[in-house]
Amino acid sequence: MKLSELVNSVSLKAREITNYIRYPVVTASMFMQRRLQEQYEKIEIPVNRKDHKEENKVLAGNSARVTIVDSQQVNNTNEFTGNLNNIYPGVVNQTVPKLSSKPNIQIAIPPLQINDELRGRRGRYRIISNNAFKKLDRVRFYQGIQVANNKPVLIKEYLLPEGEFNQKEARQSKESFEELANINLKNGGGQDFRLVVPWDAIAPRDERRCYLITEPVDNSITLREYLQNSAMTSLQVREVLKQVLQTLWFLHNQRIRLPNGEVRYGLPHGNLSLDTLLIVVNEQNSLVETPQFFIYVTNLFLWEDLFKPRNLLLAEHSFERDLQDLGYISYYLLIGKEENEQYPLINPQNELFWIKEKDEFLKLFILRLIGIESAFANAEQARQALLASPYIHISAQEQDEQFINHAIQEQNIINTWTTLKFIIFSTFGILGLILLWIFIFKNNIQSKIMPISENEYSQIKEVSNIPNGKFTYTAAISEGTWDSLIYYTNKNKRIKRTSLVAFGKTLEEELEERGMSLKLTYQPELSIEQAFTKLRNKKVNFLITNLVGNQPNEFNSKDFKYQTIAYDGIVLFVPFSDSQRKGSIAEALNGKITFEQLRKLYTNKITNWQQIDNNLPNLPVKLYIPKEEEVVNRFKEVVFKNHPEEAQIFESLIASGYIIRQETRETLGSQILGDFENHINAGIGFGLLSKVFGQCSVYPLSLGEPGQEVQTLVENNGNDINPKTDLCNDKGSYHPNTNVFANKLYPFSYAVTVVYPISSQNQTSLAVSKFVEVLQTDEGQDLLREAGLVPEKNQDSN
């Protein structure tokens with residue numbers, strides 16, 4: 001035994017004896033409670049018990065198939081299904097019987113041998129060790145290398161045994177699995193937020209197995225393996241939560257293109273557990289108090305669910321369930337054990353398991369994650385709450401004293417509460433009935449005689465007096481802002497956009513679900529002129545536009561009224577690579593660009609970046625513009641004002657194809673960053689802020705005359721972002737600067753505005769005003785912000 005261990009042991013015993021002498025009754029009481037709890041957990045009831053040999057029998061029948069799987073898999077499988085039916089047919093909506101917790105599956109598929117090679121889309125891989133360091137039911141792990149560069153890889157083999165997957169099911173699983181290689185789970189800047197993502201996916205045509213290729217996480221163990229050695233301190237649990245919440249925030253907010261072509265706003269992990277979180281501990285000594293380790297997240301439901309037996313019922317995947325699972329994981333890490341057959345009564349609602357935990361802020365935080373207390377709205381809100389919660393270090397002696405004092409105080413409170421319980425509940429019950437009657441009576445009177453003013457509401461459902469009937473409105477596709485919230489284009493087909501503000505729902509559906517009963521129909525037009533004509537001829541009730549100041553003269557007449565609901569604008573951007581942050585274009589330009597530089601770039605007078613500054617990369621310039629006609633026209637009006645000859649050159653370069661015109665999301669997707677990182681060229685483009693914000697593959701430049709450049713994004717501390725700002729890892733730390741849009745300080749800013757005729761009938765006028773009220777509520781502004789617009793109401797710095 002080490003000397004330090006001996007000293008700690010003696011010190012612990014001495015404190016226990018001292019506490020017993022000082023507080024004999026309380027200490028004895030606590031001791032007996034713990035012993036009784038331990039004995040209670042060991043009690044087994046001999047109901048439906050079977051002999052061990054009977055448990056390993058496989059029942060056979062003419063039409064029934066019974067499979068025995070690991071209880072860990074049953075629990076994980078029952079947690080999530082998600083919305084996979086349209087993506088992976090046959091994976092979900094199966095039924096499952098009560099299964100045994102002891103695995104007994106005989107797999108007749110031989111393992112791979114040393115020097116066996118696999119061929120995938122990204123190269124060939126060779127097995128260097130067939131002594132799999134981990135074996136699970138239907139899964140084997142191998143160490144390997146990529147043949148081309150000897151890069152180490154981890155090869156995970158999924159099995160599809162005939163007893164659990166028929167030929168059609170196996171084929172569907174393999175086809176869906178191979179398509180996973182096309183899913184990009186990294187953000188535009190190459191960040192993965194410690195998410196272990198597939199490098200390659202291989203599905204051999206004539207074999208009942210698939211292979212997932214990933215980069216190994218060196219020196220990692222699962223949190224389950226870590227938990228077998230010791231529990232975590234509250235400070236360590238805080239660090240685990242901080243890192244995993246950041247990964248979840250990335251997953252829950254990233255736009256991801258699924259194999260069927262659908263673009264989803266956010267993706268649940270769907271499989272969080274002690275087995276799917278890896279920890280890498282930094283063995284080096286550190287002077288900082290923060291625990292030195294990293295948490296890596298593995299095994300998303302997207303591919304894990306494909307290889308679960310079809311007779312298992314998969315529960316629904318959701319962001320909320322991810323937070324709940326993380327709450328339970330952190331709870332198990334804190335108390336040092338997990339609820340299972342050995343410990344069936346480990347419940348976070350049981351105060352016995354919290355009695356020695358003095359980090360009250362962490363306790364409340366975990367209970368909120370689980371949902372026992374008021375739940376968090378999303379992962380980012382939870383992360384910010386965790387960062388804001390104080391941590392107070394408490395010594396071992398102080399813990400013992402507080403433990404005793406807490407027990408004494410708790411007993412006194414229980415005695416007092418028992419005496420006063422009936423009186424308090426009776427009093428509150430009577431008061432509650434009186435207040436309820438007053439509230440109902442007051443509301444009935446006010447709703448009859450008092451009109452409600454604008455901007456009064458925080459929630460959409462609070463907006464009242466919604467008129468009956470159906471109303472129509474329009475917007476211009478060529479403007480892009482509002483139309484892109486409702487539709488997106490895929491292979492020249494316009495498709496209703498879902499998952500922009502809520503997973504699997506359109507913006508209209510989310511507004512309706514949150515309480516907007518106004519019945520609206522959207523009828524888009526190609527150009528703003530066509531949309532205005534439709535409004536003027538009273539074929540629609542109102543119009544949403546974002547270029548009011550540049551519309552036909554009739555818009556500025558006294559016949560129309562308009563109300564601002566949000567802001568948008570045009571931003572200039574250049575590639576922003578984390579791997580090449582030093583010496584990047586944004587850094588060499590000091591994060592800004594002038595109108596004169598833009599004119600030279602977009603008229604081909606500057607063809608290499610070093611023509612601007614020798615510190616810039618020696619790369620040719622590549623020019624991008626968006627597809628929206630009105631956005632390009634607005635750019636031309638501002639940049640080439642009083643420069644008609646250069647404006648003509650700009651138009652000719654567009655017509656010739658020298659300037660690439662495509663959807664902004666295509667430019668951001670991979671092309672502009674990929675060309676830069678491969679040293680092919682360095683691009684510059686512009687597009688709507690609503691489409692660029694949140695994509696950290698590019699950096700939005702400040703714009704203006706020399707010395708007067710204005711930035712559209714501001715950090716939470718009030719300072720403009722700069723090229724050293726980590727746009728990928730710190731997305732919650734910056735937001736659009738409402739002030740520069742509302743006060744027209746940014747040259748490309750404009751208001752997103754609802755326009756309607758003043759001569760509208762009362763019902764139409766009321767419908768429009770109610771629609772505006774809905775979008776101007778706090779909840780409505782949050783939805784517009786989630787959709788990518790700049791809210792009209794100033795955003796809090798937090």
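Reply: Terms to start with: buried means under 20% relative accessible area, exposed over 50%, and partly exposed in between (1.4 Å probe, protein chains only). This is a predicted model, where local features need pLDDT of at least 70, side-chain atom pairs count only at pLDDT 80 or more, and totals for chains, interfaces and linings use all residues. Residues are numbered from 1 along each chain as its sequence is written, and side-chain values use heavy atoms, with hydrogens and water left out.

Me: How many salt bridges are found in the whole structure?
Reply: The search finds 34. A salt bridge here is a side-chain nitrogen of Lys or Arg within 4 Å of a carboxyl oxygen of Asp or Glu.

Me: Which residue does Lys 622 pair with?
Reply: Asp 675, with the closest N and O atoms 3.5 Å apart. Lys 622 lies in strand β20 (residues 621-625) and Asp 675 in helix α20 (residues 664-677), so the bridge ties together parts 53 residues apart in sequence. Helices (H or I, at least four residues) and strands (E, at least two) are DSSP runs, numbered from the N terminus.

Me: Are those two buried or exposed?
Reply: Lys 622 is partly exposed, at 21% relative accessible area. Asp 675 is buried, at 13%.

Me: Switching to α5. What is its span?
Reply: Helix α5 (residues 167-179) has 13 residues and reaches 19 Å from first C-alpha to last, close to the 18 Å expected. The expected span is 1.5 Å times one less than the number of residues.

Me: Which of its residues are buried, and what covers them?
Reply: The buried ones are Glu 169, Ala 170, Gln 172, Ser 173, Lys 174, Ser 176 and Phe 177. Their cover includes β5, β6 (200-202), β7 (209-214) and α8. Contact means heavy atoms within 4.5 Å.

Me: What caps the N-terminal end of α5?
Reply: Asn 166 does, with a side-chain oxygen 3.1 Å from the backbone nitrogen of Lys 168.

Technical notes
A polar contact is a pair of N or O atoms within 3.5 Å; within protein, one must be able to donate a hydrogen and the other to accept it, and residues adjacent in sequence count only if both atoms are side-chain atoms.
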